[in-house]
Amino acid sequence: MKFLGIESSCDETAASVVEDGRKVLSDVIASQVPEHVIYGGVVPEIASRRHVENISAVVKSALEQAGCGMDDIEAIGVTYAPGLIGALLVGVNFAKGLAYSCGKKLIPVHHLRSHIAANYITHPELKPPFTALCVSGGNTMIIDVKDYTVFNILGRTRDDAAGECLDKAARAMGLNYPGGKNLDAAAKGGNFYAYDFPRPRVENSPLDFSFSGLKTNVVNIIHNKQQKGEEPDIKNLGASYIKAVVDCLTRNTFEAMSITGSKKLVVAGGVSANSVLRSELDLMCSKKGIELFMPDLSLCGDNGAMVGAQTYYEYLSGNFAGADLNAYATMNIDNLIK
């Protein structure tokens, strides 16, 4: 069965045709990064307008590249939460109109569920249950994935997401958007221990994260240097900062796995592209005898293929939506909309 997946939760207008949740027949992305660079981050109003301009052509191109028409599509999946509300509404309303006009089932897809599903494309052998570390600009959480549509949150951030923490630090260092990606590149070969950053913990909630203090710490270091007329040493400062963020992520993740007894770890979200995180997890999983699954770099960011993959499993679970489907800026991964 072929499924059309539509993604517009932030600044990427994307669509893909995926067969049986694993085989990508097409994956088309219209990126807005060059436009948002001048603002140092995503401007929600601009993002929404560009989605309106791009979505029809992106979906048409995805169908053409897959060599199929709407008659070949079993159902349409669309990201409806969480994300920028204006951006989400563009995708949701387009998908509703297309589903109604073509007589197709409409499948609501949670953004984090689809990030996890990106691993089903990279690793066709992967099946639940497993532990997932979802880490991005808007979300950071550890999830017990019991089945393709059954999720239990084990730990989450109490304030900033890890990706936001990296982006804000990069911006304070004068690096362009997308900050996390550029910081990763600028810090390559730097000394992880040149700066002594804390590894914050949440009292009485060992699996939860807190990154706001860490973010404030690096911003204060940069401002202090600037006030003295000094330029921050981005290579070493960036490397030390990234290592601190990664240490928090890995510490809590492996603590969660020791509690659940899980021996399979899946990493998902934009920050899963970070070279330090990938390297540290690879090394630690090897030592602990844990199977590690990470998406291809091309599937770490927002894309339509991951939506198409998760659409298949939501379809099998009977998670259908009607013309009253709405978009939501925030929503837990374990919620189910029907």
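Buried means under 20% relative accessible area, exposed means over 50%, and partly exposed lies in between, using a 1.4 Å probe and protein chains only. The model is predicted, so local features need pLDDT of at least 70 and side-chain atom pairs count only at pLDDT 80 or more, while totals for chains, interfaces and linings use all residues. Residues are numbered from 1 along each chain as its sequence is written, and side-chain values use heavy atoms, with hydrogens and water left out.

**Stop 1: two loop residues with positive phi**

Select Asn204. It is exposed, with a relative accessible area of 73%. Its phi is near 65°, a positive value in a residue other than glycine. Asn204 lies in the loop between H6 and helix H7 (212-227). Helices (H or I, at least four residues) and strands (E, at least two) are DSSP runs, numbered from the N terminus.

Now select Asp20. Its phi is also positive, at about 55°, although Asp20 is not a glycine. Look for Asp20 in the loop between strand E2 (12-19) and strand E3 (23-31). Asp20 is partly exposed, with a relative accessible area of 33%.

**Stop 2: two cis peptide bonds**

Go to Pro128 and Pro129. The peptide bond from Pro128 to Pro129 is cis, with omega near 5°. Pro129 sits in the loop between helix H4 (111-122) and strand E6 (130-135).

Next, show Tyr177 and Pro178. The peptide bond joining Tyr177 to Pro178 is cis, with omega near 0°. Pro178 belongs to the loop between H5 and helix H6 (179-186).

**Stop 3: helix H5 and its partners**

Select helix H5 (residues 162-172) and helix H8 (residues 234-260). Their axes come within 11 Å and cross at roughly 175°. Axes are lines fitted to C-alpha atoms, for helices over the stretch in contact, and angles run from 0 to 180 degrees between N-to-C directions. That crossing makes H5 roughly antiparallel to H8. The cut-offs are under 35 degrees for roughly parallel, over 145 for roughly antiparallel, 65 to 115 for roughly perpendicular, and oblique for the rest.

Show the side chains. H5 contributes Ala162, Cys165, Leu166 and Ala169, and H8 contributes Tyr241, Ile242, Val245 and Leu249. Contact means heavy atoms within 4.5 Å. The residues in the contact of H5 with H8 divide into eight nonpolar, no polar and no charged. Here Ala, Val, Leu, Ile, Met, Phe, Trp, Tyr, Cys and Pro count as nonpolar, Asp, Glu, Lys and Arg as charged, and the others, Gly among them, as polar.

H5 and H7 pack at an angle of about 5°, with their axes 9 Å apart. The two helices are therefore roughly parallel to each other. On the H5 side, pick Glu164, Cys165, Lys168, Ala169 and Ala172; on the H7 side, pick Lys215, Val218, Val219, Ile222 and Gln226. By class, this contact of H5 with H7 has six nonpolar, one polar and three charged residues.

**Stop 4: aromatic rings**

Rings of Phe, Tyr and Trp (its six-membered ring) pair if their centres lie within 6.5 Å; planes under 30 degrees apart count as stacked, over 60 as edge-to-face and the rest as tilted. By this rule the count comes to twelve aromatic pairs.

Select Phe3 and Tyr315. This pair is edge-to-face, at 5.1 Å centre to centre with 65° between the planes. Phe3 is in strand E1 (residues 2-7) and Tyr315 in helix H10 (residues 304-316), so the pair links distant parts of the chain, 312 residues apart. Both Phe3 and Tyr315 are buried.

Ring pairs link Phe3, Tyr120, Phe130, Tyr148, Tyr312, Tyr313, Tyr315 and Phe320 into a cluster.

A charge sits over a ring if NZ of Lys or CZ of Arg is within 6 Å of the ring centre and within 35 degrees of the ring normal. Then select Lys288, whose charged end sits over the ring of Phe254, 5.3 Å from the centre.

**Stop 5**

Select Ala118 in helix H4. Ala118 is buried, with a relative accessible area of 0%. Leaving aside neighbours within four places in sequence, Ala118 is in contact with Pro295, Leu299 and Met306.

Finish at Leu89 in helix H3 (residues 85-102). At 31% relative accessibility, Leu89 counts as partly exposed. Leu89 touches Asn326 and Ala327, not counting residues up to four places away in sequence.
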